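Please consult the sequence and the coordinates alongside the points below.

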Amino acid sequence: MPVEYLIDISSYNAVNDWNAVRADGIVGASIKVSQQVNYLNPLCGQQAAGARGAGIAPGGYHFGDPRVSATAQAQYFVDNARQHGFFNDEALAPMYDAENWEGGGLVWPSPQVLNDHIREHIRVVRAETGVQRHLVYGSLSWWQSRWIDPDVWADENVLLWIAVYNGRPGDLQGWSHPNDALHQYTSAGIVPGIPGQVDKNVTLRDRGIGDLVNGIEDDMQLTDRMKNAWGGTPTMEEVFRYIDLRATEAAEGTAAANSKLDALLGRNPGTLNDNSLAKQLLEHGLQGQLGTLPDDQFELLAKAVADDKERRVRLKSS
């Protein structure tokens, strides 16, 4: 897969033309949301809306600070990032920015303090939003020295964002980790539509933007997997994954999601109960293998749809 390019921006970056940014090949934008528990990027809303409108996946990041409770900072980030749709399936995964800012008195005192903050931040964001994928950003020297230590907090859904300004996209100068995903290779990038310079990043390990957003996979990728890869009866885990994707879109209730679901099932909105929805989704996805699943498993699937819907409603109202 060809590499893909992203930018990360804060209130210091004005964007005059998001369509020009997209035309330059930028597919994602990580936008600063918050710092400590008393600072919000005043441009975050318009930056998120501009990126989304141009077909660029926007996501939010928090600038960590050891002087304030990690739990409180994570909650502050969640409360404010949620307002901009940064936990929707199509948004770029949330990012934790780990670095010093000596001019502002921000200096991490030890690796243990930093890694404890990262671990707690990820825990709170996952608990509050249900989003499992997370990005963690830091300088190459910190990764090399294990000042930032992914062994403390990273599972397969936590991806690493490495900053080394060598002007060579994808070159981490001999360092690697199975979870490395993005290389910030310059802070002086030139992108049409953005006056001045901007941080530019490139994907690693053949990852695409679909590997970096909150959702597991998009509809077409998962449907193709069902059509082409399932030569036998799928596992219940695979089935539940598909049902969860559909339930997520139904719970969000957006017009675009409903339109995709209606086209997929060939139905009018609101005409199916949960049991029928589960059954038709399976009929569509399993390509004739429906008869191999007993009726009691359909009841489990319908219950999973309902339980997931209730869970997401609670999350959105909290």
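Helix H4 is followed by Gly130, whose phi is positive, near 80°; helices (H or I, at least four residues) and strands (E, at least two) are DSSP runs, numbered from the N terminus. The model is predicted, so local features need pLDDT of at least 70 and side-chain atom pairs count only at pLDDT 80 or more, while totals for chains, interfaces and linings use all residues. Residues are numbered from 1 along each chain as its sequence is written, and side-chain values use heavy atoms, with hydrogens and water left out.

**Helix H4**
- H4 has 19 residues and reaches 27 Å from its first C-alpha to its last, close to the 27 Å expected at 1.5 Å a residue; the expected span is 1.5 Å times one less than the number of residues.
- Among the buried residues of H4 are Leu114, His117, Ile118, His121, Ile122 and Val125, where buried means under 20% relative accessible area, exposed over 50% and partly exposed in between (1.4 Å probe, protein chains only).
- An α-helix has 3.6 residues a turn, so residues three or four places apart point the same way.

**Helix H3**
- H3 has 12 residues and spans 16 Å from first to last C-alpha, close to the 16 Å expected at 1.5 Å a residue.
- At the start of H3, a side-chain oxygen of Ser69 comes to within 3.2 Å of the backbone nitrogen of Thr71.
- The buried residues of H3 include Ala70, Tyr76, Phe77 and Val78, and their cover includes strands E2 (26-35), E3 (39-40) and E4 (57-63) together with helix H4 (111-129).
- Ala70, in H3 (residues 70-81), counts as buried because its relative accessibility is 12%.
- Not counting residues up to four places away in sequence, Ala70 touches His117 and Glu120, with contact meaning heavy atoms within 4.5 Å.
- The C-alpha atoms of Ala70 and Gln36 are 8.8 Å apart, although 34 residues separate them along the chain.

**Aromatic pairs**
- Rings of Phe, Tyr and Trp (its six-membered ring) pair if their centres lie within 6.5 Å; planes under 30 degrees apart count as stacked, over 60 as edge-to-face and the rest as tilted.
- By this rule there are six aromatic pairs.
- Tyr5 and Tyr185 are edge-to-face, because their ring centres are 6.4 Å apart and their planes stand at 75°.
- Tyr5 lies in strand E1 (residues 5-9) and Tyr185 in strand E8 (residues 180-189), so this pair ties together parts 180 residues apart in sequence.
- Tyr5 is partly exposed at 26%, whereas Tyr185 is buried at 9%.
- Tyr137 and Trp161 are also edge-to-face, with centres 6.2 Å apart and planes at 80°.
- Trp143, Trp153 and Trp175 form one aromatic cluster.

Key. A polar contact is a pair of N or O atoms within 3.5 Å; within protein, one must be able to donate a hydrogen and the other to accept it, and residues adjacent in sequence count only if both atoms are side-chain atoms.
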